[in-house]
Structure formats: C-alpha cells, structure tokens
Amino acid sequence: MPRPHRGSVPYAGDSTIFTCTQPGQVALTFDDGPWHYTARIMDLLERHGARGTFFVTGHNLFLHRRMDDESGPYPDLLRAMVRRGHQVGSHTWTHPHLGAVGSEERVNQMVWNEMALRNVLGVVPTYMRPPYGEWRDASVRRDLDALGYHVVMYDVDTKDYKHNSEESIEDSIAVFESAVREDGNASYIVLCHDIREWTALRLVPAMLRILGERGYRAVTVGECLGDPERLWYRDPEESGRAVEEIT
C-alpha cells in the first residue's frame, strides 16, 4: 500500500501533535474502544452538534474482544463512527508499550490494526495515538513515520482511567474545567477513554456543557488541525473510493 505524506499536518518523523491549531476548537478523543459505552458517547456528541475522535484498539485483551468480529456489535459501530462524521484513528492491535518491543512487532501492531479496519471500513487511518503515551523513542517515531502516521498526543489529560466511579469522576470534570480557558479562544486535544462507564455517564456530558458555555466547538482531531477529511484515511486498494461511501 502506498504511504505518501500528504497535507500540512506533521507526520511522526517531523513532530508529535499535542494540541489543535484552530482557535475555539477542542478535539475530544477517546482511547481503547470500541466498547459498550461508545455508542452512548457518540449519541451525546451528536446531540450537542459535536464530533469526536476514537483511537481504537483492534484486539483489546483486557476486554476480550476483537473489533472486526462481525458476529458482535463493533464493526457496525465503527462504520457508524465514520458515517456520522466522527474520526477513527489507530491505537495499535493489542496496546503494547511500543518502545519495549522491536521494530518488527511495532510494524505488526500497526498493520494488524490496519487489516482489521480495512476489513470493516475499507480504509485505514493516517492518525494514531501510541499506547501509554509513549512516543519519544526515536525508533518508534521512525517506524510510525515510515508507515505514514501522524502521532497525536494531548494537552489535557482528564485521567478518567483513574476515576471510574460516580464520586471520583468529579475529579476528571474538575481537571477539564480548570484546563479550558473561559474566553473560548484557546484550543485543546483532550484525552478520555470510551471504555469507562462514568466517562460516558458523567464526564462527556459535563465536558460538552462546559465547552458550550465557553463558546468552543468540539470537533475531530483532523478538523482542529485544518486537515481535509480525505487525508484522514488511506485506501489500501487505491481505488479512489470516497469515505462517504462507507455504510
């Protein structure tokens, strides 16, 4: 599959992305899914005219599920993400520490996830988030650059992975509320996890309320970087099939 570097958004070999470039826009991002709570999060986003970015793990060993298993709900959920205007990025196949494995395993982790997404969507993403936020290793960046990926981190970490209860999720809400400027003129990439129940039940509604009150728009990572949607994915067959045709 050809892996050209297209557009103005930096690829892994150039720099790592930590925030949006468009003032007044916030990218809410969700790692480790899809899972039971993902559909609820999508519905919440759309109810507020918002779009999100989902960095998906193909074979989540902790959840005992594969996202490309057509006997389960996740392929249809992935197709709905794209159809409804959300962005799908890669979070590797099984969520390893990329700096702790060799180059062959790193490439396999990305390509196996691509194969699963190709089977479901017919396209593969050009955006990824490294598990555990580990991107600094030069060999990791080199491999991801060769595969044609933008590496996306974040500048607001809600730490919802530490606060998965009705009481403690308030700490994540407080982190978000204190991080986001009140004048609506800043921009952020926000880390959340769609496999967490209280993220779906409390954190996402609170974030959307705060963004609305402060005049921000919640958009995809691609949009907040000024990248046209046609560059968010690659067609493995180079057939020119439009993303809009995915159903």
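Accessible areas in this report come from the Shrake-Rupley method with a 1.4 Å probe, and for residues only the protein chains shown count as cover. On that basis the chain exposes about 10400 Å², of which carbon and sulfur atoms supply 48%.

**Model and confidence**

The structure is a predicted model, in which local features need pLDDT of at least 70, side-chain atom pairs count only at pLDDT 80 or more, and totals for chains, interfaces and linings use all residues. Residues are numbered from 1 along each chain as its sequence is written, and side-chain values use heavy atoms, with hydrogens and water left out.

The pLDDT, the predictor's confidence in each residue from 0 to 100, averages 95 over the chain, and 96% of the residues score at least 70. Over residues 239-247 it stays under 50, and for this stretch the model has 17 contacts beyond four places in sequence; contact means heavy atoms within 4.5 Å. Where pLDDT is low, the predicted coordinates should not be read in detail.

**Overall form**

Seven helices and 12 strands are present in the chain; helices (H or I, at least four residues) and strands (E, at least two) are DSSP runs numbered from the N terminus. The C-alpha trace spans about 45 × 40 × 40 Å along its principal axes. The radius of gyration, taken over C-alpha atoms, is compared with a globule rule of 2.2 Å times the number of residues to the power 0.38. For 247 residues a compact globule would have a value near 18 Å, and the 17 Å of the chain agrees with this.

Of the 247 residues, 55% are buried; buried means under 20% relative accessible area, exposed over 50%, and partly exposed in between, with a 1.4 Å probe and protein chains only. Among contacts between residues at least 6 apart in sequence, 79% join residues at least 24 apart.

An α-helix has 3.6 residues a turn, so residues three or four places apart point the same way.

In helix 1 (residues 38-47), the buried residues are Thr-38, Ile-41, Met-42, Leu-44 and Leu-45. Because they cover an arc of only 160° around the axis, they are on the same side of helix 1; the arc is that of the directions from the helix axis to the C-beta atoms. Their packing partners are strand 1 (25-31), strand 2, helix 2 (74-83) and helix 6 (197-214). Gly-49 follows helix 1 and has a positive phi, near 65°.

In helix 4, Ser-139, Val-140, Asp-143 and Leu-144 are buried. These residues cover an arc of only 130° around the axis, which puts them on the same side of helix 4. Arg-142 and Ala-146, on the other side of helix 4, are exposed. The buried residues of helix 4 pack against helix 3 (103-121), strand 7 and strand 8 (150-151). Just after helix 4, Gly-148 has a positive phi of about 80°.

**Aromatic pairs**

Four aromatic pairs are found in a search of the whole structure. Rings of Phe, Tyr and Trp (its six-membered ring) pair if their centres lie within 6.5 Å; planes under 30 degrees apart count as stacked, over 60 as edge-to-face and the rest as tilted. Two of the pairs are tabulated.

| Pair | Centre separation | Plane angle | Class |
|---|---|---|---|
| Phe-18 and Trp-135 | 5.6 Å | 75° | edge-to-face |
| Trp-35 and Tyr-74 | 6.2 Å | 10° | stacked |

Phe-18 lies in the segment before strand 1 and Trp-135 in the loop between strand 7 (127-128) and helix 4 (138-146), so the pair ties together parts 117 residues apart in sequence. Phe-18 is partly exposed at 33% relative accessibility, whereas Trp-135 is buried at 15%.

Trp-35, in the loop between strand 1 and helix 1, and Tyr-74, in helix 2, are 39 residues apart, and their pair links distant parts of the chain. Trp-35 is buried with a relative accessible area of 15%, and Tyr-74 is buried with 8%.

**Two buried positions**

Thr-53 belongs to strand 2 (residues 53-56) and is buried at 1% relative accessibility. Not counting residues up to four places away in sequence, Thr-53 touches Leu-28, Thr-29, Phe-30, Gln-87, Thr-220 and Val-221.

Val-180 is located in the loop between helix 5 (169-179) and strand 10 (188-193), and is buried at 2% relative accessibility. Leaving aside neighbours within four places in sequence, Val-180 contacts Tyr-188, Leu-211, Arg-214 and Tyr-216. Val-180 and Val-26 are 154 residues apart in sequence and 9.3 Å apart in space, C-alpha to C-alpha.
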